[in-house]
Amino acid sequence: MAARKTTKKPNVSAEELTSHYREMLLIRRFEEKAGQLYGMGLIGGFCHLYIGQEAVVVGLEAAAEEGDKRITSYRDHGHMLACGMDPDGVMAELTGREGGYSKGKGGSMHMFSKEKHFYGGHGIVGAQVPLGAGLAFADKYKGNGRVTFAYFGDGAANQGQIYETFNMAALWQLPVIFVIENNQYAMGTAQARSTSTPELFTRGEAFGIPGEAVDGMNVLTVKDAGERAVAHCRAGKGPYILEVKTYRYRGHSMSDPAKYRTREEVQKMRSERDPIEQVREMLLTGKHASEDDLKAIDKEIKDIVNKSADFSKESPEPHLDELWTDIYAETIPQHSA
Amino acid sequence: MATEILMPALSPTMEEGTLAKWLVKEGDTVSSGDILAEIETDKATMEFEAVDEGVIGKILIPEGTEGVKVNTAIAVLLAEGESADDVAAAAPAAKEAPTAEAPAAPAPAVAAAAPQEAPKVDETPDWPEGTALKQQTVREALRDAMAEEMRRTDEVYLMGEEVAEYQGAYKISQGLLDEFGSKRVIDTPITEHGFAGIAVGSAFGGLMPIVEFMTFNFAMQAIDQIINSAAKTLYMSGGQMGCPIVFRGPNGAAARVGAQHSQDYAAWYMQIPGLKVAMPYSASDAKGLLKSAIRDPNPVIFLENEILYGRSFDVPDLDDYTVPFGKARIWREGSDVTIVSFGIGMTYALEAAEKLAEDGISAEVIDLRTLRPMDLPTVIKSVMKTNRLVTVEEGWPQGSVGSYIASEVMQQAFDYLDAPVVTCTGKDVPMPYAANLEKHALVTTDEVIAAVKQVTYR
Ligand SMILES: Cc1ncc(C[n+]2csc(CCOP(=O)(O)OP(=O)(O)O)c2C)c(N)n1
Ligand SMILES: [Mg+2]
């Protein structure tokens, strides 16, 4: 139940490393573009970027299987891209257009994809955690062997409903992985200022839920931990906690003056721990890829992101009739799939 | 003296039951705790124990009897030295608790046949003529109100997410940490239900907390403590324990923040006896009402609006400016129609009145300022003059503030209405994110103008 240090270098193929690189880069470039579109007034409201945290979702998605579920907070763009949702549809939702995943009605914080088993996109801090356990409840009920990744932040980790959920998830042995994305800040509050015990991975101890702390800037250690957690859940042993130590480079949302930390702190993280740079290094030093290969990937990603931006601008605004649709259902949408 | 053993009520809803079985017989000596009988209700069979000691003198209801009403005598218990023969003489009728005369509920002011006297309203101006005024934003006014009250007494403190070091998510508490220190300006974790409960407890303990919710959307996490603990305790304690607390923060739609972050809670909280509800529009009202709210011995829901925070208004330059609860403000006098609103709804009401004036329609615009208590007399007095009423709010139509006003005006001033009241509200949909849809989801000035034209038959 104690923190497990993963010192061994996992064996990893060139192919796998390249794909991690590509996926993390896609998130990074996509988020940079979103920031740019926000600045141009094309995206409105709250927009929380994932830059710096890419290794968390990419590592964990590498441990997931088809049919596994994921649910997260409002800082959700990375999760959507990592689980294979279409960048066009995500970007068009950010601009509030018809071609967005929620037809423009959800926005940055509220997106869903039944096809990719992505259950949102939730704006209320902590609320997605019991929902994630509920998804796992349904899977256990159906006996389909699926697991759910329920992501939440270090700030969210203080919400009461999370502990109610821990108790029931353990009591009922639900196949849910609680992923605490500890990026050290909840808006302007450094973690130490809001938590009486900083070791979040031990928060399940009272309920008998095993937990471990993970270096979230390293995609391979994240994947490794993810595999342990998934194996635990799939073996029917109940929930598992991963406290993934990560860092967000940008402000909490687009309107954050960021006076609560120094520029040096951010810079140090970027230059010493950047998850994409780390993989880039591994690819080059291990001679898995050449500079040219990586350039080609960069170009490929840039094209995907530019295309999504174009799509998000060209897709029309939703028809005014959409105001009045989707308030009540005629049939249960989850059943019609 | 012989005592009667009465048919017990074994659940809060039981009115009668079956005396299934006697476990004692006449002449048996019993002491407290002995099981006397089994009683069946529609839900269960329960054992019935003796409370007093003595001898069973007479069994009045034989076992197997159904439909025995609660409180009927089922047996007689004799004290030492008494005989069963004394029983008939004893057995006084079961005493009933004296019933209090039911007080009449405040009689609904049923519309008397017109002509009816105009209700009395307090028309004193908010500040004396000649008072110096300064321009202030709503944001500054709110901060000043808190700072002044915190200077007045150190029982007042502020608690919430990001209120201290970050200076407030919307910068309402700017500078307060510096002036009052971390004992009185307290950053909480993101745990609304918990800290709302702690604040309510501290009010029971003699403090006067101001709780800032980053937005009222997140107060839904805490709504049980607000309603079940803060609003009801005075009543439940028979007046012993009050809860002087202010729950404040931005309410309603901001801009493009979607369905979970765009709700107007005015009508929700307005329903709760025990709460007071303020929803200011201008900076002077924000200041004067917040100061009154902090001093109020009751829990106050103080609904602000993010879009209004940056707007400037005249604020009287007085040492201690307060605005009483339950006193509406007439922003514009008029004779053709009454427009009633509050909070950000006033923006549409005033804009509409301005445009209507160009068409020769004279609108009287009333800002309710507080929703509970609500200054209905001012509304009714105005309707008696204009005979037409339109209400404006951003909240949803079903169970809206406007529908309450409409029903009261109908009951109290029916004969004065020349047209049905029209309530302008937000659309009956969750708030969409897309810019074009959001615009349509909110109430608009054009809709207010159309409503006025409808009630004035133009
Ligand atoms: C119940 C609730 N309270 C407050 C907020 C406002 N809020 C949005 S994000 C946030 C900080 C959350 O921090 P953390 O859980 O660490 O996640 P991060 O943003 O770092 O990913 C707050 C206070 C909210 N959305 N919901
Ligand atoms: Mg965080």
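Where in chain B is B:Thr131 found? The model is predicted.

1. **Placement of B:Thr131.** B:Thr131 lies in a loop of chain B. That loop runs between α1 (86-89) and β9 (133-137).

2. **Burial of B:Thr131.** The relative accessibility of B:Thr131 is 16%. Buried means under 20%, so B:Thr131 counts as buried.

3. **Contacts of B:Thr131.** The side chain of B:Thr131 reaches the backbone oxygen of B:Pro128. The distance is 2.5 Å. Setting aside neighbours within four places in sequence, B:Thr131 is in contact with B:Pro316, B:Asp317 and B:Leu318.

4. **A:Gln334.** Now to chain A. A:Gln334 sits in the segment after α10 (291-314) of chain A. Is A:Gln334 buried or exposed? A:Gln334 is exposed, with a relative accessible area of 56%; the cut-off for exposed is over 50%. A:Gln334 and A:Lys114 are 220 residues apart in sequence. In space, their C-alpha atoms are 7.9 Å apart.

5. **Helix pair in chain A: geometry.** Helix α1 (residues 14-39) of chain A packs with helix α2 (residues 54-63) of chain A at an angle of about 140°. Their axes are 9 Å apart. The angle makes α1(A) oblique to α2(A), because only angles over 145 degrees count as roughly antiparallel. The crossing of α1(A) and α2(A) is right-handed.

6. **Helix pair in chain A: residues.** From α1(A), the contact uses A:His20, A:Glu23, A:Met24, A:Ile27 and A:Arg28. From α2(A), it uses A:Glu54, A:Ala55, A:Val57, A:Val58 and A:Ala62. By class, this contact of α1(A) with α2(A) has 6 nonpolar, 1 polar and 3 charged residues.

7. **Helix pair in chain B: geometry.** At what angle do helix α9 (residues 345-358) of chain B and helix α13 (residues 445-455) of chain B cross? Their axes cross at roughly 55° and come within 8 Å. α9(B) and α13(B) are therefore oblique to each other. α9(B) passes α13(B) in a right-handed crossing.

8. **Helix pair in chain B: residues.** On the α9(B) side are B:Tyr348, B:Glu351, B:Ala352, B:Lys355 and B:Leu356. They meet B:Thr445, B:Val448, B:Ile449, B:Val452 and B:Lys453 in α13(B). The residues of this contact of α9(B) with α13(B) divide into 6 nonpolar, 1 polar and 3 charged.

Key:
Residues numbered from 1 in each chain as written. Chains lettered and ligands numbered in written order. Predicted model: local features only at pLDDT ≥ 70, side-chain atom pairs only at ≥ 80, totals over all residues. Heavy atoms only, no water. Axes fitted to C-alpha atoms, helices over the stretch in contact; angles between N-to-C directions. Helix = DSSP H or I, 4+ residues; strand = E, 2+ residues; numbered from the N terminus. Parallel < 35°, antiparallel > 145°, perpendicular 65-115°, else oblique. Left-handed = near helix turned anticlockwise from the far one by under 90°. Contact = heavy atoms within 4.5 Å. Nonpolar A, V, L, I, M, F, W, Y, C, P; charged D, E, K, R; others polar. Buried < 20%, exposed > 50% of the residue type's maximum accessible area, 1.4 Å probe, protein only. Polar contact = N/O pair within 3.5 Å; in protein donor to acceptor, adjacent residues only side chain to side chain.
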